[in-house]
Amino acid sequence: MLSFTNPNNVSIITGAPPSIHGIAGNFFLDRSTGKETMICDDSLLRGSTLLEQMSQHGVRVAAITAKDKLRKILAHGLKGDAVCFSAVEASECTLAENGIADVEQCLGRPAPSQYSANLSFPEADDFVKAIDDRLAKLAVMAIVGVVGDHGMSRKSNDAGEPDVLFLEDVLDAKFGENAARVICPITDPFVRHHGALGSFVRVYLKDQSLLESVLALCQALPETEVALSGEDAARKYDMPLDREGDIVVISTSSTVIGRCESVHGLSTVKDFSLRSHGGLSEQVVPVIMSRAVEDVQIKQK
C-alpha cells in the first residue's frame with residue numbers, strides 16, 4: 001500500500017486496501033477532465049466504512065482528526081448523533097455540521113492555525129506524553145488501539161538540504177516539453193513540512209508509445225527505488241487501476257520526487273531538515289493495543 005495520509009486513513013476506517021475503497025492519494029489527476037484535484041471529501045470513496053456501519057447500528061461515534069480534508073471522509077454516512085470534527089476547524093464547529101459546538105471552550109485551548117510536524121524534541125515529548133495520559137484513562141474504560149497511517153523519513157542530503165529529483169524536468173529534457181505530466185499525490189496545502197514533495201509520484205504520458213522508453217529512463221535514475229507501469233503498480237501495491245497513472249515512480253528512502261523545480265516552493269522547508277513520506281521506507285507503522293490480542297473476547301450478536 002501507499003504511505004500517504006488519505007489512502008491509509010481510509011484503509012484504517014474501512015479495513016480495505018485502496019483497490020477496494022478507491023482513495024489512492026491526497027491529490028490526483030482526473031483523466032476525463034485533465035484537472036488536478038485535491039481530495040477533500042468522500043466523493044471518491046467506494047463502499048462503506050466501519051464508522052458508518054457502527055453508527056447505522058446504534059453505536060454513537062466520535063471521529064476527530066487533525067485536518068478537515070479527512071473529517072469529511074471520516075463523516076461518511078454517520079448518523080445525526082455522531083461527533084466529527086477536525087482540529088484546524090475546531091473553532092468553527094456547529095451542532096448541525098459536527099455534532100458538537102464550543103470545542104475550544106471544552107478543551108480550554110484555541111484551535112491551531114495549521115497542523116504541521118515542526119515540533120522540537122521537548123515539544124514532541126510533551127505532546128506524546130499528553131496523548132499517552134489520555135489513552136491511559138481511556139484504556140480503563142475500553143480496549144484502545146493505536147496505529148499510525150504512515151511513517152516519516154528524513155529526505156535531506158549530508159548538508160541538510162532537500163534531496164529532490166524533479167522528474168518532469170528530467171523527462172522534458174529527454175522526451176520534449178509536455179511529453180509527460182508528473183503528479184505528486186502527497187500534495188497537501190494543510191502542511192508545511194514536506195512542501196508537496198514525497199517519495200511516490202504518478203507519471204501521465206501524452207504519447208502512450210513512449211511508455212517503455214520513459215519507464216526505462218525512470219528505472220535507471222539513481223534516485224529511483226522502484227518504477228513500474230501503472231498496471232503493474234496497481235497490482236503490486238493494491239491500488240485502483242482506473243485511478244492509476246501510466247507509470248509509478250518510488251524514490252529511495254532519503255530522496256523525494258517533485259514535478260518541476262519551478263513549481264515547488266522549497267522556502268517552506270528551509271528551516272528544518274526535509275521529512276516526508278510516500279515511499280516503501282515509510283510503510284511500516286506500529287500497532288499498539290491496550291490489551292494483548294489473545295485476551296480480547298469478540299462476541300458476535
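Asp68 is buried, at a relative accessible area of 13%. Buried means under 20% relative accessible area, exposed means over 50%, and partly exposed is in between (1.4 Å probe, protein chains only). Asp68 is found in helix α4. The C-alpha atoms of Asp68 and Asp41 are separated by 8.8 Å. Along the chain, these two residues are 27 residues apart.

This is a predicted model, where local features need pLDDT of at least 70, side-chain atom pairs count only at pLDDT 80 or more, and totals for chains, interfaces and linings use all residues. Residues are numbered from 1 along each chain as its sequence is written, and side-chain values use heavy atoms, with hydrogens and water left out.

## The whole protein

The protein has 10 helices and 14 strands. Helices (H or I, at least four residues) and strands (E, at least two) are DSSP runs, numbered from the N terminus. Of the 301 residues in the protein, 42% are buried. Residues 24 or more positions apart account for 65% of them. Contact means heavy atoms within 4.5 Å.

## Salt bridges

Side chains of opposite charge can pair when their charged atoms come close. A salt bridge is a side-chain nitrogen of Lys or Arg within 4 Å of a carboxyl oxygen of Asp or Glu. A search of the whole structure finds 12 salt bridges. The table gives three of them.

| Salt bridge | N to O distance |
|---|---|
| Arg46 and Asp242 | 2.5 Å |
| Asp68 and Arg71 | 3.2 Å |
| Lys155 and Glu282 | 3.0 Å |

Start with Arg46 and Asp242, whose closest N and O atoms are 2.5 Å apart. This pair links distant parts of the chain, 196 residues apart. Arg46 sits in the loop between β2 (35-38) and α3 (50-56). Asp242 sits in the loop between α10 (230-237) and β11 (247-251). Arg46 is partly exposed, with a relative accessible area of 31%. Asp242 is exposed, at 52%.

Asp68 and Arg71 both lie in helix α4 (residues 68-74). They are three residues apart, about one turn of the helix. Arg71 is buried, with a relative accessible area of 7%. Asp68 also counts as buried, at 13%.

What are the closest N and O atoms of Lys155 and Glu282 apart, in Å? The distance is 3.0 Å. Lys155 lies in the loop between β6 (153-154) and β7 (164-166), and Glu282 in the loop between β13 (275-276) and β14 (287-289), so this pair ties together parts that are 127 residues apart in sequence. Both Lys155 and Glu282 are buried. Elsewhere, salt bridges that share partners join Glu36, Glu168, Arg181 and Arg259 into one network.

## Two packed helices

Two packed helices are described by the angle between their axes and the distance between the axes. Here, helix α8 (residues 167-175) packs with helix α9 (residues 211-220) at an angle of about 130 degrees. Their axes are 11 Å apart. Axes are lines fitted to C-alpha atoms, for helices over the stretch in contact, and angles run from 0 to 180 degrees between N-to-C directions.

Therefore α8 and α9 are oblique to each other. Angles under 35 degrees count as roughly parallel, over 145 as roughly antiparallel, 65 to 115 as roughly perpendicular and the rest as oblique.

Which residues make the contact between α8 and α9? From α8 come Leu167, Val170, Leu171, Lys174 and Phe175. From α9 come Ser213, Val214, Leu217 and Cys218.

## Glu223 and two loop residues

Glu223 is found in the loop between α9 and β10 (224-229). At 21% relative accessibility, Glu223 counts as partly exposed. Its C-alpha atom is separated from that of Val164 by 8.5 Å. Along the chain, Glu223 and Val164 are 59 residues apart. Leaving aside its neighbours within four places in sequence, Glu223 is in contact with Leu165, Ser251, Thr252 and Thr255.

Most residues other than glycine have a negative phi. Asp102 has a positive phi, near 55 degrees. Asp102 lies in the loop between α5 (95-98) and α6 (103-107). Asp102 is partly exposed, with a relative accessible area of 48%. Asn178 also has a positive phi, near 65 degrees. Asn178 is found in the loop between α8 and β8 (180-183).
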